[in-house]
Amino acid sequence: MSPPVFLLLAAVTVASALTVVVHKNPVHSACALVSTLCLLAVFFLGLDAQLVAFLQVIVYAGAIVVLFLFVIMLLNLRVEARAMAGTLLVGTAAAGGVALAVLVVTALRRAAAPAATIPPAGFGETAALARQLFTVYLLPFELTSILLLVAIVGAVALAKKQP
Amino acid sequence: MAEVAIKSLFIVLLVLQVMGLGVFFERKVSALIQDRIGANRAAIMGFAGLGLVNTLVADPVKFLLKEDVVPAGTDHLLHFLAPVLSLVPVLVTFAVVPFGDVLQVGGHTINLQAAELNVGILYVLAMVSLAVYGVVLGGWASNNRWSLLGGIRGSAQMISYEIAMGLALVSVVLTYDTLDLQQMARAQGGYLLHGWLPAWGILYQPVAFLVFMTAGVAESKRIPFDLPEGESELVSGYFTEYSGPKHLIFMMSDFVEVVLVAALVTTLFFGGWQVPYLLRDGLHFPWGAAVALPSWAVALLQVTAFALKLVFFTWLQIVIRWTLPRFRYDQLMRLGWQGLLPVALANVVVSALVIVLAAGPAA
(Lines give C-alpha, C1' and ligand atoms only; values in the text may rest on other atoms or scores of the structure.)
Protein backbone atom coordinates (compact mmCIF):
# COMPACT_ATOMS: atom_id res chain seq x y z
CA MET A 1 0.00 0.00 0.00
CA SER A 2 1.60 3.26 -1.09
CA PRO A 3 1.89 6.08 1.50
CA PRO A 4 -0.69 8.46 -0.09
CA VAL A 5 -3.27 5.66 -0.29
CA PHE A 6 -2.50 4.65 3.28
CA LEU A 7 -2.87 8.22 4.57
CA LEU A 8 -6.14 8.73 2.74
CA LEU A 9 -7.56 5.43 4.02
CA ALA A 10 -6.30 6.15 7.54
CA ALA A 11 -8.00 9.57 7.53
CA VAL A 12 -11.29 8.05 6.36
CA THR A 13 -11.02 5.27 8.97
CA VAL A 14 -10.39 7.70 11.83
CA ALA A 15 -13.26 9.92 10.67
CA SER A 16 -15.55 6.91 10.49
CA ALA A 17 -14.47 5.70 13.95
CA LEU A 18 -15.11 9.18 15.37
CA THR A 19 -18.59 9.13 13.83
CA VAL A 20 -19.35 5.96 15.82
CA VAL A 21 -18.68 7.83 19.07
CA VAL A 22 -19.99 11.28 18.21
CA HIS A 23 -23.14 10.65 16.18
CA LYS A 24 -26.39 11.11 18.07
CA ASN A 25 -28.40 8.52 16.15
CA PRO A 26 -27.59 4.96 17.33
CA VAL A 27 -28.38 3.41 13.92
CA HIS A 28 -26.03 5.82 12.16
CA SER A 29 -23.36 5.01 14.76
CA ALA A 30 -23.75 1.29 14.03
CA CYS A 31 -23.46 1.95 10.28
CA ALA A 32 -20.28 3.95 10.87
CA LEU A 33 -18.97 1.02 12.91
CA VAL A 34 -19.57 -1.29 9.93
CA SER A 35 -17.66 1.03 7.61
CA THR A 36 -14.80 1.31 10.17
CA LEU A 37 -14.54 -2.49 10.36
CA CYS A 38 -14.58 -2.83 6.57
CA LEU A 39 -11.86 -0.17 6.25
CA LEU A 40 -9.73 -2.03 8.81
CA ALA A 41 -10.16 -5.13 6.63
CA VAL A 42 -8.68 -3.12 3.75
CA PHE A 43 -5.58 -2.44 5.90
CA PHE A 44 -5.28 -6.18 6.57
CA LEU A 45 -5.44 -6.76 2.80
CA GLY A 46 -2.62 -4.25 2.38
CA LEU A 47 -0.57 -6.32 4.84
CA ASP A 48 -1.10 -9.49 2.75
CA ALA A 49 -3.38 -10.94 5.41
CA GLN A 50 -6.29 -11.89 3.17
CA LEU A 51 -7.68 -14.52 5.52
CA VAL A 52 -7.78 -12.15 8.50
CA ALA A 53 -9.31 -9.41 6.35
CA PHE A 54 -12.25 -11.51 5.18
CA LEU A 55 -12.77 -13.14 8.58
CA GLN A 56 -13.00 -9.61 9.99
CA VAL A 57 -15.76 -8.75 7.51
CA ILE A 58 -17.65 -12.04 8.02
CA VAL A 59 -17.54 -12.08 11.82
CA TYR A 60 -17.64 -8.41 12.83
CA ALA A 61 -19.24 -6.50 9.98
CA GLY A 62 -21.47 -9.33 8.78
CA ALA A 63 -22.69 -10.82 12.03
CA ILE A 64 -21.95 -8.92 15.22
CA VAL A 65 -22.94 -5.42 14.12
CA VAL A 66 -26.11 -6.84 12.53
CA LEU A 67 -27.02 -8.09 16.00
CA PHE A 68 -26.26 -4.60 17.41
CA LEU A 69 -28.65 -3.12 14.85
CA PHE A 70 -31.19 -5.79 15.70
CA VAL A 71 -31.16 -4.79 19.38
CA ILE A 72 -31.26 -1.07 18.58
CA MET A 73 -34.30 -1.59 16.38
CA LEU A 74 -36.13 -3.85 18.84
CA LEU A 75 -35.57 -1.36 21.67
CA ASN A 76 -36.71 1.40 19.28
CA LEU A 77 -33.95 3.76 20.42
CA ARG A 78 -34.46 7.26 19.11
CA VAL A 79 -31.97 10.07 18.58
CA GLU A 80 -30.56 10.68 22.01
CA ALA A 81 -31.27 14.05 23.54
CA ARG A 82 -27.77 14.92 24.64
CA ALA A 83 -27.84 15.70 28.33
CA MET A 84 -24.52 17.50 28.69
CA ALA A 85 -22.33 15.36 30.91
CA GLY A 86 -21.02 17.01 34.08
CA THR A 87 -17.71 18.85 33.95
CA LEU A 88 -16.19 16.26 36.29
CA LEU A 89 -17.05 13.43 33.87
CA VAL A 90 -15.77 15.35 30.84
CA GLY A 91 -12.56 16.27 32.69
CA THR A 92 -11.87 12.70 33.78
CA ALA A 93 -12.54 11.35 30.29
CA ALA A 94 -10.25 13.95 28.71
CA ALA A 95 -7.47 13.19 31.20
CA GLY A 96 -7.81 9.48 30.50
CA GLY A 97 -7.64 10.09 26.76
CA VAL A 98 -4.51 12.26 27.05
CA ALA A 99 -2.85 9.65 29.31
CA LEU A 100 -3.59 6.90 26.79
CA ALA A 101 -2.18 9.00 23.93
CA VAL A 102 1.02 9.68 25.91
CA LEU A 103 1.34 5.97 26.69
CA VAL A 104 0.94 4.91 23.06
CA VAL A 105 3.36 7.54 21.74
CA THR A 106 6.02 6.63 24.35
CA ALA A 107 5.67 2.93 23.64
CA LEU A 108 5.97 3.53 19.89
CA ARG A 109 9.07 5.73 20.35
CA ARG A 110 10.81 3.13 22.53
CA ALA A 111 10.04 0.18 20.30
CA ALA A 112 12.82 -0.28 17.76
CA ALA A 113 11.43 -0.58 14.26
CA PRO A 114 11.99 -4.18 13.13
CA ALA A 115 14.37 -4.62 10.25
CA ALA A 116 12.51 -4.79 6.97
CA THR A 117 12.31 -8.42 5.94
CA ILE A 118 10.67 -10.04 2.95
CA PRO A 119 7.89 -12.30 4.25
CA PRO A 120 8.28 -15.96 3.25
CA ALA A 121 6.29 -17.27 0.30
CA GLY A 122 2.72 -18.04 1.22
CA PHE A 123 2.79 -15.57 4.12
CA GLY A 124 -0.68 -14.74 5.39
CA GLU A 125 -2.28 -17.44 3.29
CA THR A 126 -4.76 -19.80 4.84
CA ALA A 127 -2.50 -22.88 4.87
CA ALA A 128 0.38 -21.07 6.62
CA LEU A 129 -1.94 -19.50 9.17
CA ALA A 130 -3.74 -22.79 9.86
CA ARG A 131 -0.44 -24.62 10.34
CA GLN A 132 0.62 -22.09 13.00
CA LEU A 133 -2.80 -22.22 14.65
CA PHE A 134 -2.87 -26.02 14.91
CA THR A 135 0.75 -26.55 15.96
CA VAL A 136 2.40 -23.63 17.79
CA TYR A 137 -0.78 -22.01 19.10
CA LEU A 138 -2.87 -25.16 19.58
CA LEU A 139 -3.43 -24.71 23.33
CA PRO A 140 -4.61 -21.06 23.21
CA PHE A 141 -6.77 -21.93 20.20
CA GLU A 142 -8.51 -24.81 21.99
CA LEU A 143 -8.87 -22.79 25.21
CA THR A 144 -10.55 -19.98 23.25
CA SER A 145 -13.03 -22.40 21.73
CA ILE A 146 -13.86 -23.77 25.21
CA LEU A 147 -14.39 -20.18 26.39
CA LEU A 148 -16.81 -19.57 23.51
CA LEU A 149 -18.59 -22.86 24.24
CA VAL A 150 -19.05 -21.81 27.86
CA ALA A 151 -20.52 -18.51 26.69
CA ILE A 152 -22.98 -20.30 24.37
CA VAL A 153 -24.07 -22.76 27.08
CA GLY A 154 -24.47 -19.89 29.53
CA ALA A 155 -26.61 -17.89 27.08
CA VAL A 156 -28.87 -20.89 26.44
CA ALA A 157 -29.17 -21.57 30.18
CA LEU A 158 -30.13 -17.94 30.86
CA ALA A 159 -32.63 -17.85 28.01
CA LYS A 160 -34.29 -21.08 29.15
CA LYS A 161 -34.64 -20.07 32.82
CA GLN A 162 -38.17 -20.66 34.01
CA PRO A 163 -39.87 -17.79 35.89
CA MET B 1 -5.49 -3.70 -15.45
CA ALA B 2 -7.27 -3.70 -18.79
CA GLU B 3 -7.51 -7.48 -18.61
CA VAL B 4 -9.20 -7.41 -15.20
CA ALA B 5 -11.56 -4.64 -16.35
CA ILE B 6 -12.62 -6.62 -19.44
CA LYS B 7 -13.13 -9.82 -17.44
CA SER B 8 -15.16 -7.98 -14.78
CA LEU B 9 -17.32 -6.31 -17.41
CA PHE B 10 -17.85 -9.66 -19.11
CA ILE B 11 -19.01 -11.49 -15.99
CA VAL B 12 -21.31 -8.61 -14.93
CA LEU B 13 -22.90 -8.49 -18.39
CA LEU B 14 -23.30 -12.28 -18.37
CA VAL B 15 -24.97 -12.12 -14.95
CA LEU B 16 -27.31 -9.32 -16.03
CA GLN B 17 -28.34 -11.31 -19.14
CA VAL B 18 -29.15 -14.36 -17.01
CA MET B 19 -30.98 -12.08 -14.57
CA GLY B 20 -33.14 -10.80 -17.42
CA LEU B 21 -33.96 -14.37 -18.36
CA GLY B 22 -34.77 -15.00 -14.69
CA VAL B 23 -37.33 -12.20 -14.73
CA PHE B 24 -38.76 -13.68 -17.94
CA PHE B 25 -39.08 -17.09 -16.21
CA GLU B 26 -40.70 -15.36 -13.25
CA ARG B 27 -43.39 -13.88 -15.51
CA LYS B 28 -43.99 -16.70 -17.97
CA VAL B 29 -43.05 -19.93 -16.13
CA SER B 30 -45.14 -18.81 -13.17
CA ALA B 31 -48.02 -18.23 -15.60
CA LEU B 32 -47.54 -21.72 -17.02
CA ILE B 33 -47.55 -23.24 -13.52
CA GLN B 34 -50.69 -21.34 -12.54
CA ASP B 35 -52.41 -22.05 -15.88
CA ARG B 36 -52.67 -18.44 -17.04
CA ILE B 37 -51.16 -16.54 -19.96
CA GLY B 38 -48.90 -14.08 -18.16
CA ALA B 39 -47.34 -10.86 -19.41
CA ASN B 40 -48.39 -10.28 -23.02
CA ARG B 41 -49.48 -6.63 -23.26
CA ALA B 42 -46.38 -4.76 -24.32
CA ALA B 43 -45.12 -5.20 -27.87
CA ILE B 44 -42.72 -3.42 -30.19
CA MET B 45 -44.28 -3.17 -33.69
CA GLY B 46 -46.53 -6.13 -32.93
CA PHE B 47 -43.69 -8.27 -31.57
CA ALA B 48 -44.37 -9.37 -27.99
CA GLY B 49 -41.84 -12.21 -28.00
CA LEU B 50 -43.69 -14.40 -25.49
CA GLY B 51 -43.59 -11.57 -22.97
CA LEU B 52 -39.88 -10.88 -23.44
CA VAL B 53 -40.60 -7.31 -24.56
CA ASN B 54 -42.60 -6.84 -21.39
CA THR B 55 -39.93 -8.13 -19.05
CA LEU B 56 -36.83 -6.78 -20.75
CA VAL B 57 -38.01 -3.39 -22.06
CA ALA B 58 -41.36 -2.28 -20.67
CA ASP B 59 -40.82 -3.17 -17.00
CA PRO B 60 -37.48 -1.41 -16.44
CA VAL B 61 -38.49 1.67 -18.45
CA LYS B 62 -41.70 1.95 -16.45
CA PHE B 63 -39.86 1.56 -13.15
CA LEU B 64 -37.33 4.23 -14.09
CA LEU B 65 -40.02 6.73 -15.12
CA LYS B 66 -42.17 6.34 -11.99
CA GLU B 67 -42.15 8.96 -9.27
CA ASP B 68 -39.69 8.23 -6.48
CA VAL B 69 -41.86 8.72 -3.40
CA VAL B 70 -40.01 9.24 -0.13
CA PRO B 71 -42.49 9.17 2.76
CA ALA B 72 -42.37 11.73 5.56
CA GLY B 73 -40.26 10.92 8.60
CA THR B 74 -37.82 8.65 6.79
CA ASP B 75 -34.09 8.73 7.35
CA HIS B 76 -33.18 10.17 3.95
CA LEU B 77 -29.55 9.08 3.80
CA LEU B 78 -30.19 5.46 4.82
CA HIS B 79 -33.39 5.28 2.76
CA PHE B 80 -31.29 6.18 -0.26
CA LEU B 81 -28.36 3.90 0.64
CA ALA B 82 -30.34 0.74 1.46
CA PRO B 83 -31.09 -0.40 -2.13
CA VAL B 84 -27.48 0.26 -3.12
CA LEU B 85 -26.21 -1.70 -0.12
CA SER B 86 -28.35 -4.65 -1.08
CA LEU B 87 -27.29 -4.73 -4.76
CA VAL B 88 -23.55 -3.95 -4.64
CA PRO B 89 -22.32 -6.78 -2.35
CA VAL B 90 -24.18 -9.37 -4.41
CA LEU B 91 -22.89 -8.04 -7.71
CA VAL B 92 -19.22 -7.81 -6.64
CA THR B 93 -19.28 -11.43 -5.42
CA PHE B 94 -19.14 -12.55 -9.05
CA ALA B 95 -15.53 -11.30 -9.19
CA VAL B 96 -14.27 -14.65 -7.86
CA VAL B 97 -16.65 -16.87 -9.87
CA PRO B 98 -14.72 -18.51 -12.74
CA PHE B 99 -16.54 -18.55 -16.09
CA GLY B 100 -13.96 -20.55 -18.07
CA ASP B 101 -10.59 -22.26 -17.77
CA VAL B 102 -7.85 -20.40 -19.63
CA LEU B 103 -7.72 -18.53 -22.91
CA GLN B 104 -4.51 -18.36 -24.99
CA VAL B 105 -4.17 -15.06 -26.82
CA GLY B 106 -0.92 -14.52 -28.70
CA GLY B 107 1.32 -16.16 -26.09
CA HIS B 108 -0.64 -14.78 -23.12
CA THR B 109 -2.50 -17.20 -20.87
CA ILE B 110 -5.57 -15.52 -19.47
CA ASN B 111 -7.26 -17.08 -16.44
CA LEU B 112 -11.01 -16.67 -17.04
CA GLN B 113 -11.86 -15.39 -13.56
CA ALA B 114 -12.03 -11.67 -12.75
CA ALA B 115 -10.16 -11.80 -9.40
CA GLU B 116 -7.79 -14.54 -8.29
CA LEU B 117 -8.07 -14.63 -4.50
CA ASN B 118 -6.55 -17.47 -2.51
CA VAL B 119 -9.46 -17.09 -0.08
CA GLY B 120 -12.18 -16.93 -2.76
CA ILE B 121 -14.89 -18.76 -0.85
CA LEU B 122 -14.42 -16.56 2.24
CA TYR B 123 -14.79 -13.50 0.02
CA VAL B 124 -18.14 -14.93 -1.12
CA LEU B 125 -19.28 -15.46 2.48
CA ALA B 126 -18.12 -11.97 3.49
CA MET B 127 -20.00 -10.24 0.70
CA VAL B 128 -23.15 -12.33 1.22
CA SER B 129 -23.07 -11.44 4.91
CA LEU B 130 -22.86 -7.73 4.03
CA ALA B 131 -25.96 -7.97 1.82
CA VAL B 132 -28.10 -8.15 4.97
CA TYR B 133 -27.56 -4.42 5.63
CA GLY B 134 -29.69 -3.40 2.67
CA VAL B 135 -32.63 -5.30 4.15
CA VAL B 136 -32.16 -4.12 7.75
CA LEU B 137 -31.52 -0.47 6.94
CA GLY B 138 -34.24 -0.36 4.28
CA GLY B 139 -36.72 -1.66 6.82
CA TRP B 140 -35.60 0.76 9.52
CA ALA B 141 -35.18 3.91 7.43
CA SER B 142 -38.69 3.68 5.96
CA ASN B 143 -40.31 4.73 9.25
CA ASN B 144 -43.04 2.15 8.74
CA ARG B 145 -43.85 -0.72 11.07
CA TRP B 146 -44.41 -3.28 8.32
CA SER B 147 -41.04 -2.37 6.87
CA LEU B 148 -39.34 -2.63 10.26
CA LEU B 149 -40.87 -6.05 10.89
CA GLY B 150 -39.76 -7.16 7.43
CA GLY B 151 -36.23 -5.88 8.04
CA ILE B 152 -35.96 -7.65 11.40
CA ARG B 153 -37.34 -10.90 9.97
CA GLY B 154 -34.94 -10.62 7.04
CA SER B 155 -31.85 -10.08 9.17
CA ALA B 156 -32.70 -12.95 11.56
CA GLN B 157 -33.36 -15.28 8.64
CA MET B 158 -30.23 -14.37 6.69
CA ILE B 159 -27.94 -14.73 9.72
CA SER B 160 -29.48 -18.09 10.67
CA TYR B 161 -29.11 -19.59 7.21
CA GLU B 162 -25.62 -18.18 6.71
CA ILE B 163 -24.41 -20.63 9.37
CA ALA B 164 -25.76 -23.70 7.57
CA MET B 165 -24.41 -22.28 4.31
CA GLY B 166 -20.95 -21.78 5.79
CA LEU B 167 -20.85 -25.30 7.22
CA ALA B 168 -21.90 -26.78 3.86
CA LEU B 169 -19.02 -24.85 2.33
CA VAL B 170 -16.60 -26.26 4.93
CA SER B 171 -17.22 -29.81 3.71
CA VAL B 172 -16.83 -28.61 0.10
CA VAL B 173 -13.48 -27.01 0.98
CA LEU B 174 -12.40 -30.27 2.67
CA THR B 175 -13.23 -32.18 -0.50
CA TYR B 176 -11.35 -29.93 -2.92
CA ASP B 177 -8.55 -28.94 -0.52
CA THR B 178 -8.65 -25.31 -1.71
CA LEU B 179 -10.54 -22.05 -1.10
CA ASP B 180 -10.18 -20.74 -4.65
CA LEU B 181 -13.29 -21.27 -6.81
CA GLN B 182 -11.21 -21.65 -9.98
CA GLN B 183 -9.17 -24.47 -8.39
CA MET B 184 -12.44 -26.10 -7.31
CA ALA B 185 -13.80 -25.97 -10.85
CA ARG B 186 -10.52 -27.45 -12.18
CA ALA B 187 -10.60 -30.20 -9.53
CA GLN B 188 -13.88 -31.41 -11.05
CA GLY B 189 -12.23 -32.31 -14.36
CA GLY B 190 -11.71 -35.98 -13.47
CA TYR B 191 -13.76 -38.98 -14.61
CA LEU B 192 -15.24 -42.06 -12.95
CA LEU B 193 -16.45 -45.40 -14.41
CA HIS B 194 -13.56 -45.86 -16.91
CA GLY B 195 -13.75 -42.26 -18.09
CA TRP B 196 -17.50 -42.15 -18.76
CA LEU B 197 -18.89 -40.23 -15.79
CA PRO B 198 -17.61 -36.67 -15.14
CA ALA B 199 -16.55 -36.52 -11.47
CA TRP B 200 -18.47 -33.39 -10.51
CA GLY B 201 -18.81 -32.25 -6.90
CA ILE B 202 -22.41 -33.45 -6.55
CA LEU B 203 -21.13 -37.06 -6.60
CA TYR B 204 -18.84 -36.40 -3.62
CA GLN B 205 -20.96 -33.97 -1.62
CA PRO B 206 -24.68 -34.60 -2.32
CA VAL B 207 -25.68 -33.65 1.25
CA ALA B 208 -23.70 -30.41 1.11
CA PHE B 209 -25.46 -29.62 -2.18
CA LEU B 210 -28.92 -30.02 -0.64
CA VAL B 211 -28.01 -27.93 2.43
CA PHE B 212 -26.31 -25.24 0.34
CA MET B 213 -29.15 -24.98 -2.17
CA THR B 214 -31.78 -24.73 0.60
CA ALA B 215 -29.76 -22.14 2.53
CA GLY B 216 -29.11 -20.28 -0.73
CA VAL B 217 -32.81 -20.03 -1.56
CA ALA B 218 -33.39 -18.81 2.02
CA GLU B 219 -30.59 -16.23 1.67
CA SER B 220 -32.17 -14.84 -1.48
CA LYS B 221 -35.45 -14.47 0.47
CA ARG B 222 -37.58 -16.34 -2.06
CA ILE B 223 -40.69 -18.40 -1.47
CA PRO B 224 -40.86 -20.62 0.61
CA PHE B 225 -38.56 -18.36 2.63
CA ASP B 226 -39.97 -14.94 1.70
CA LEU B 227 -41.21 -13.96 5.15
CA PRO B 228 -39.30 -10.64 5.04
CA GLU B 229 -41.65 -9.68 2.19
CA GLY B 230 -44.72 -11.66 3.26
CA GLU B 231 -47.28 -9.83 1.07
CA SER B 232 -50.26 -11.22 2.97
CA GLU B 233 -48.90 -9.98 6.32
CA LEU B 234 -46.48 -7.10 5.74
CA VAL B 235 -47.70 -5.44 2.48
CA SER B 236 -44.29 -6.05 0.93
CA GLY B 237 -42.00 -6.06 3.94
CA TYR B 238 -38.78 -4.12 4.01
CA PHE B 239 -39.35 -2.41 0.66
CA THR B 240 -42.96 -1.35 1.21
CA GLU B 241 -41.97 2.32 1.17
CA TYR B 242 -39.84 2.13 -1.96
CA SER B 243 -41.05 3.14 -5.39
CA GLY B 244 -39.66 3.81 -8.83
CA PRO B 245 -35.94 3.27 -9.45
CA LYS B 246 -35.15 2.33 -5.84
CA HIS B 247 -37.79 -0.39 -5.90
CA LEU B 248 -36.31 -1.58 -9.20
CA ILE B 249 -32.87 -1.87 -7.55
CA PHE B 250 -34.32 -3.93 -4.69
CA MET B 251 -36.03 -6.27 -7.16
CA MET B 252 -32.86 -6.44 -9.22
CA SER B 253 -30.72 -7.40 -6.23
CA ASP B 254 -33.21 -10.18 -5.44
CA PHE B 255 -32.81 -11.61 -8.93
CA VAL B 256 -29.03 -11.14 -8.99
CA GLU B 257 -28.95 -13.11 -5.71
CA VAL B 258 -30.85 -15.91 -7.45
CA VAL B 259 -28.23 -15.91 -10.22
CA LEU B 260 -25.47 -15.84 -7.58
CA VAL B 261 -26.85 -18.95 -5.87
CA ALA B 262 -27.08 -20.58 -9.31
CA ALA B 263 -23.46 -19.61 -10.06
CA LEU B 264 -22.17 -20.96 -6.74
CA VAL B 265 -24.12 -24.22 -7.03
CA THR B 266 -22.79 -24.63 -10.58
CA THR B 267 -19.19 -23.93 -9.58
CA LEU B 268 -19.15 -25.99 -6.39
CA PHE B 269 -21.24 -29.00 -7.35
CA PHE B 270 -21.76 -29.13 -11.12
CA GLY B 271 -18.31 -28.62 -12.55
CA GLY B 272 -18.52 -24.86 -13.13
CA TRP B 273 -17.42 -24.31 -16.72
CA GLN B 274 -16.51 -28.01 -17.24
CA VAL B 275 -17.89 -29.57 -20.41
CA PRO B 276 -17.87 -33.39 -20.30
CA TYR B 277 -14.92 -34.87 -22.26
CA LEU B 278 -13.53 -31.41 -23.14
CA LEU B 279 -9.87 -30.90 -22.23
CA ARG B 280 -7.68 -27.88 -22.92
CA ASP B 281 -6.72 -29.15 -26.39
CA GLY B 282 -10.09 -30.47 -27.55
CA LEU B 283 -12.63 -33.21 -27.07
CA HIS B 284 -11.47 -36.64 -25.87
CA PHE B 285 -14.32 -39.14 -25.87
CA PRO B 286 -14.16 -42.25 -23.67
CA TRP B 287 -14.53 -44.53 -26.71
CA GLY B 288 -11.25 -43.23 -28.05
CA ALA B 289 -12.31 -40.58 -30.55
CA ALA B 290 -10.70 -37.16 -30.22
CA VAL B 291 -11.36 -33.78 -31.81
CA ALA B 292 -8.64 -31.14 -31.58
CA LEU B 293 -9.97 -27.64 -30.97
CA PRO B 294 -8.20 -24.23 -30.79
CA SER B 295 -8.01 -22.46 -27.43
CA TRP B 296 -10.70 -19.86 -28.28
CA ALA B 297 -13.18 -22.60 -29.27
CA VAL B 298 -12.55 -24.47 -26.01
CA ALA B 299 -13.03 -21.26 -24.01
CA LEU B 300 -16.21 -20.44 -25.93
CA LEU B 301 -17.64 -23.91 -25.24
CA GLN B 302 -16.78 -23.58 -21.56
CA VAL B 303 -18.33 -20.11 -21.17
CA THR B 304 -21.45 -21.33 -22.99
CA ALA B 305 -21.67 -24.39 -20.74
CA PHE B 306 -21.31 -22.17 -17.66
CA ALA B 307 -24.04 -19.81 -18.91
CA LEU B 308 -26.40 -22.71 -19.69
CA LYS B 309 -25.89 -24.19 -16.21
CA LEU B 310 -26.56 -20.75 -14.72
CA VAL B 311 -29.81 -20.46 -16.67
CA PHE B 312 -30.86 -23.94 -15.58
CA PHE B 313 -30.36 -23.30 -11.86
CA THR B 314 -32.02 -19.89 -12.11
CA TRP B 315 -35.00 -21.59 -13.74
CA LEU B 316 -35.00 -24.28 -11.05
CA GLN B 317 -35.18 -21.68 -8.26
CA ILE B 318 -38.05 -19.86 -9.98
CA VAL B 319 -39.94 -23.17 -10.31
CA ILE B 320 -39.36 -23.90 -6.61
CA ARG B 321 -40.70 -20.45 -5.83
CA TRP B 322 -43.93 -21.01 -7.68
CA THR B 323 -44.45 -24.56 -6.41
CA LEU B 324 -44.10 -24.38 -2.64
CA PRO B 325 -46.21 -22.49 -0.08
CA ARG B 326 -44.66 -20.07 2.42
CA PHE B 327 -43.30 -21.36 5.76
CA ARG B 328 -44.52 -20.12 9.11
CA TYR B 329 -41.82 -18.21 10.96
CA ASP B 330 -41.27 -20.88 13.64
CA GLN B 331 -41.06 -23.55 10.91
CA LEU B 332 -38.45 -21.46 9.12
CA MET B 333 -36.31 -21.14 12.25
CA ARG B 334 -36.74 -24.83 13.12
CA LEU B 335 -35.65 -25.88 9.63
CA GLY B 336 -32.57 -23.65 9.84
CA TRP B 337 -31.37 -24.44 13.34
CA GLN B 338 -32.67 -27.96 13.98
CA GLY B 339 -32.68 -29.30 10.44
CA LEU B 340 -29.96 -27.87 8.23
CA LEU B 341 -27.40 -27.02 10.93
CA PRO B 342 -27.04 -30.54 12.45
CA VAL B 343 -27.07 -32.15 8.99
CA ALA B 344 -24.35 -29.79 7.77
CA LEU B 345 -22.27 -30.39 10.92
CA ALA B 346 -22.59 -34.18 10.60
CA ASN B 347 -21.64 -33.88 6.95
CA VAL B 348 -18.45 -31.99 7.89
CA VAL B 349 -17.47 -34.69 10.41
CA VAL B 350 -18.20 -37.56 7.99
CA SER B 351 -16.36 -35.84 5.13
CA ALA B 352 -13.31 -35.20 7.33
CA LEU B 353 -13.30 -38.83 8.53
CA VAL B 354 -13.57 -40.21 5.00
CA ILE B 355 -10.81 -37.93 3.74
CA VAL B 356 -8.47 -38.85 6.62
CA LEU B 357 -9.17 -42.59 6.27
CA ALA B 358 -8.77 -42.50 2.49
CA ALA B 359 -5.42 -40.71 2.85
CA GLY B 360 -4.15 -43.52 5.09
CA PRO B 361 -1.96 -43.13 8.20
CA ALA B 362 -0.38 -39.71 8.44
CA ALA B 363 3.27 -39.62 7.53
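Predicted model: local features only at pLDDT ≥ 70, side-chain atom pairs only at ≥ 80, totals over all residues.
Local features are described where pLDDT is at least 70 and side-chain atom pairs only at pLDDT 80 or more, while totals for chains, interfaces and linings use all residues. Residues are numbered from 1 along each chain as its sequence is written, and chains are lettered from A, with ligands numbered from 1, in the order in which they are written.

Figure 1. Chain A has 6 helices and 0 strands, in the order α-α-α-α-α-α from the N terminus. Helices (H or I, at least four residues) and strands (E, at least two) are DSSP runs, numbered from the N terminus. Chain A is divided into domain 1 (1-79) and domain 2 (125-163); such bounds come from an automatic or database domain assignment. The C-alpha centres of domain 1 and domain 2 of chain A are 24 Å apart. Of the 163 residues of chain A, 14% count as buried. A residue is buried if 20 or more other C-beta atoms lie within 10 Å of its own, exposed if 12 or fewer, and partly exposed in between, with C-beta atoms placed from the backbone. Among contacts in chain A between residues at least 6 apart in sequence, 53% join residues at least 24 apart. Two residues are in contact if their C-beta atoms, placed from the backbone, lie within 7 Å.

**Figure 2. Helix α1 of chain A.** Helix α1 (residues 3-22) of chain A has 20 residues. Its first and last C-alpha atoms are 28 Å apart, close to the 28 Å expected at 1.5 Å a residue. The expected span of a helix is 1.5 Å times one less than its number of residues. α1(A) is hardly covered, with a count of 0 buried residues among its 20. Ala10(A) lies in this helix and counts as exposed because it has 12 C-beta neighbours inside 10 Å. Ala10(A) and Leu37(A) are 27 residues apart along the chain, and their C-alpha atoms are separated by 12 Å.

Figure 3. Leu100(A) lies in helix α4 (residues 87-110) of chain A. Leu100(A) is exposed because 10 other C-beta atoms lie within 10 Å. From Leu100(A) to Ala155(A) the distance is 34 Å, C-alpha to C-alpha, and the two are 55 residues apart in sequence. Helix α6 of chain A covers residues 138-160. Its 23 residues should span 33 Å at 1.5 Å a residue, and its end C-alpha atoms are 33 Å apart, which agrees. α6(A) is hardly covered, and the count of buried residues among its 23 residues is 0.

**Figure 4. The contact between chain A and chain B.** The contact takes 18 residues from chain B and 17 residues from chain A. On the side of chain B that touches chain A, α4 (120-130), α5 (132-141) and α6 of chain B each supply at least two residues. The largest share of that side, 6 residues, comes from α4(B). The residues of this side of chain B divide into 15 nonpolar, 3 polar and no charged. Here Ala, Val, Leu, Ile, Met, Phe, Trp, Tyr, Cys and Pro count as nonpolar, Asp, Glu, Lys and Arg as charged, and the others, Gly among them, as polar.

**Figure 5. Helix α6 of chain B and the loops on either side.** Helix α6 (residues 145-176) of chain B has 32 residues, which should span 46 Å at 1.5 Å a residue; its end C-alpha atoms are 46 Å apart, which agrees. Most residues other than glycine have a negative phi. Asn143(B), in the loop between α5 and α6 of chain B, has a positive phi near 55°. Asn143(B) is partly exposed, with 14 other C-beta atoms within 10 Å. α6(B) is followed by Asp177(B), which is found in the loop between α6 and α7 (181-187) of chain B. Asp177(B) is not a glycine, yet its phi is positive, about 65°. Asp177(B) is exposed, with 11 other C-beta atoms within 10 Å.

**Figure 6. Helices α9 and α13 of chain B.** The axes of helix α9 (residues 206-219) and helix α13 (residues 329-359) of chain B come within 10 Å and cross at roughly 145°. Axes are lines fitted to C-alpha atoms, for helices over the stretch in contact, and angles run from 0 to 180 degrees between N-to-C directions. The crossing of α9(B) and α13(B) is left-handed, a term used if the near helix is turned anticlockwise from the far one by less than a right angle, with right-handed used if clockwise. Val207(B), Ala208(B), Val211(B), Thr214(B) and Ala215(B) in α9(B) meet Leu340(B), Val343(B), Ala344(B) and Asn347(B) in α13(B). By class, this contact of α9(B) with α13(B) has 7 nonpolar, 2 polar and no charged residues.
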